[in-house]
Amino acid sequence: MSIRLHFWGAAQTVTGSSHHIECSGRNVLLDCGLFQGHRQEAFDINSHLALLPEQIQRQSDDGLSAVVLSHAHIDHSGNLPSLVKLGYRGLIYTTPATIDLCGPMLRDSAHIQKDDADFLNKRDSVRKSMGLPYGRGPVPPLYTLEHAEQVMQQFRPVLLHQPEILAHSTKDSGFRVTFTNAGHMLGSACILVEGTEHGQTTRLLFSGDVGRKNLPIIRDPDPSPAADYLIMESTYGDRLHQPIGPVKHKLAQMVHRVTARGGHIIVPAFAVERTQQLILLLHQLIDEKAIPQLPIFVDSPLAANVTDIFRDHREEWDGEATAFYAKNEDAFGWKSLRYLRTVQESKALNDVRTPFIVISSSGMCEAGRILHHLKNGIGDPRNLVLITGYQAPDTLGRKLVEKLLEVNIYGEPIRLLAEVESIGELSGHADQQELLAWMAPAVKTLKKVFLVHGEPDAQTVLKGEIEKHYGLEVICPKRDDRFEIV
Ligand SMILES: [Zn+2]
């Protein structure tokens, strides 16, 4: 009686979450995330999945029986369309909110795949015409909109705390899963997987991404259930976050400072979760009369669609958001807030001279409408750029955080004269202490911990802390490492 673990994505890195488990001839994928990195490298990595194409096509014993998805972030869900492209027609188990979020997110990802393939093909044809070395000929997109739509047909909603027997499993052999609330984003879950062979059961807990207490909108993470083995994320295994409490006051101070000097606040924010958190915090501040009723624009069609999904899933809200909703007709809408959908509406903001706040994506300022707001706004010292999340090296967002004197936007050098502020308090990932606290209830029964979804430095520090505090064996698997657990 045992479960075979096969680590594939997010192994000693933070992106492309995907782990393959096998028990009694049933293969299951935990997550099928997109590896995000440089175009060519990402294309190569994402084209290969943990199982062979013939295993993926065979949906029975020795084939892929089921997929279990922890949450909608693209680094966990974004390679599902590749799976259906290879012929997978089985079920994908996840929460109702995650299913709804995957709709706009996977469609958006399909558009990005097309743009990336177009970019690589155009670059190669230019090189070829100049007699320079070029790639391997025209590349198709990793997947298309049709593949993303097909994924939506294969979801099977799972309710929290309700055990579910996966396809092709029985009570005596195969897999049973129980989802618990991860408190990381709307719909996010930790998953207890029970693998049974010859009537004997091994319990494996997959953390997905672990959230934090007191984040706006969503409920706090559930305590970890008892398990024999744990696969846990380690994104911030070497870091401690600022407390979330003071963030609203900080936001109010910025609004007062900038409106007093007649400037604009430009907020690059991820369209999912961070944008909705900011909308709710600003709504609360206006309600409390802590800031004036200045115009606020959410300039991202994706964010507008995702906000509708947040409205639809009140079962995911915490007590504070629910109480706020009881007093206000719409937690994510009020008279001075506008969602901009058309490009014309977005560009019209260039001519507004009075104070306003614009929240737009992409969150790391790599593409999207945020670019023209930054191009138009960062040369004015009255304005403020508010960075609300992690900025990867080499992104425009990182250059703004580092307050370079000049940055390039649309190929044009622009002096950075606007004020730049960062708030890291809204991070959806547990920090080192929060991870240790989250896993504590499971420690008594755990035999081993596997750390995933973290850079090697963060993993080394967290491994040391788990060994020191709990005396458990900790392994940081590499891509394609295999283990047998009993
Ligand atoms: Zn996540």
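## Domains

Domain bounds here come from an automatic or database domain assignment. The model is predicted. In the assignment, domain 1 comprises 3-239 + 428-485, and domain 2 comprises 247-422.

The centres of domain 1 and domain 2, taken over C-alpha atoms, are separated by 30 Å. Contact between them involves 17 residues of domain 1 and 19 residues of domain 2.

## Helix α15

Helix α15 runs over residues 456-470 and contains 15 residues. From its first C-alpha to its last it reaches 21 Å, close to the 21 Å expected at 1.5 Å a residue. After α15 comes G471, which has a positive phi, near 65°.

The buried residues of α15 are A458, Q459, L462, E465 and I466. They lie on the same side of α15 because they cover an arc of only 130° around the axis. An α-helix has 3.6 residues a turn, so residues three or four places apart point the same way. The partners against which the buried residues of α15 pack are β11 (229-233), α14 (432-439), β20 (448-452) and β21 (473-475). On the face turned away from this buried side, α15 carries the exposed residues D457, T460 and K468.

## Residue E273

E273 is placed in the loop between β12 (265-268) and α8 (274-287). Leaving aside residues up to four places away in sequence, E273 touches M185, L186, I218 and F310.

Although E273 is buried, it has no salt bridge. The nearest side chain of opposite charge belongs to R274, 7.5 Å away, whereas a salt bridge requires the charged atoms to be within 4 Å.

How values were computed
Residues are numbered from 1 along each chain as its sequence is written. This is a predicted model: local features need pLDDT of at least 70, side-chain atom pairs count only at pLDDT 80 or more; totals for chains, interfaces and linings use all residues. Side-chain values use heavy atoms; hydrogens and water are left out. Helices (H or I, at least four residues) and strands (E, at least two) are DSSP runs, numbered from the N terminus. Buried means under 20% relative accessible area, exposed over 50%, partly exposed in between (1.4 Å probe, protein chains only). Lys and Arg count as positive and Asp and Glu as negative; His and the chain ends are not counted. Contact means heavy atoms within 4.5 Å. The expected span of a helix is 1.5 Å times one less than its number of residues. The arc is that of the directions from the helix axis to the C-beta atoms.
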